[in-house]
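These are my notebook entries on a structure that I am reading for the first time. I set down each point as I looked it up.

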Amino acid sequence: MAKEEKVRGKKEQMKGKAKEMTGRAVGNERMTTKGKAEQMKGDARQAKEKGKDTFKH
């Protein structure tokens, strides 16, 4: 399960980065903000899973 969550977090990061870049390219501030938020959500998920891995060992 942890591996699935890490992959999910990475996908969120990549999707968010794409949204942010698209938003900047077209001048859509709302899309840029949503992209940044999605990246942060992915970062948080990855950090959570890394923390779990630390306590397993």
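Entry 1. Is lysine 19 buried, partly exposed or exposed? I work here from a predicted model. I found a relative accessible area of 29% for lysine 19, which makes this residue partly exposed, since buried would require under 20% and exposed over 50%.

Entry 2. I then looked up the partner of lysine 19. Its side chain forms a salt bridge with glutamate 38, and the closest N and O atoms are 3.1 Å apart. The pair joins distant parts of the chain, with lysine 19 in helix H1 and glutamate 38 in helix H2, 19 residues apart. Glutamate 38 has a relative accessibility of 16% and therefore counts as buried.

Entry 3. I turned to helix H1 itself. H1 runs over residues 2-26, and its 25 residues should span 36 Å at 1.5 Å a residue; the end C-alpha atoms are 36 Å apart, so the two values agree. Its buried residues are Ala2, Glu5, Gly9, Glu12, Gln13, Gly16, Glu20 and Gly23. I noted that H2 is included in what covers them. Just after H1, glycine 27 adopts a positive phi of about 80°.

Entry 4. I looked up the salt bridges next and recorded nine in the structure. Side chains of opposite charge can pair when their charged atoms come close. Arginine 8 is partly exposed at 43% relative accessibility, whereas glutamate 5 is buried at 12%. Both belong to a network of salt bridges that also links Glu12, Lys41 and Arg45.

Entry 5. I found a further salt bridge between lysine 52 and glutamate 49, with 3.5 Å between the closest N and O atoms. They lie three residues apart in helix H2, which means a separation of about one helical turn. An α-helix has 3.6 residues a turn, so residues three or four places apart point the same way. Lysine 52 is partly exposed, with a relative accessibility of 42%, while glutamate 49 is buried, with a relative accessible area of 1%.

Entry 6. Last, I looked up lysine 48, which lies in helix H2, residues 29-56. Its relative accessible area of 44% makes lysine 48 partly exposed. The C-alpha atoms of lysine 48 and alanine 2 are separated by 9.6 Å, although the residues are 46 apart along the chain.

Notes:
Residues numbered from 1 in each chain as written. Predicted model: local features only at pLDDT ≥ 70, side-chain atom pairs only at ≥ 80, totals over all residues. Heavy atoms only, no water. Helix = DSSP H or I, 4+ residues; strand = E, 2+ residues; numbered from the N terminus. Buried < 20%, exposed > 50% of the residue type's maximum accessible area, 1.4 Å probe, protein only. Expected span 1.5 Å × (residues − 1). Contact = heavy atoms within 4.5 Å. Salt bridge = Lys/Arg side-chain N within 4 Å of Asp/Glu carboxyl O.
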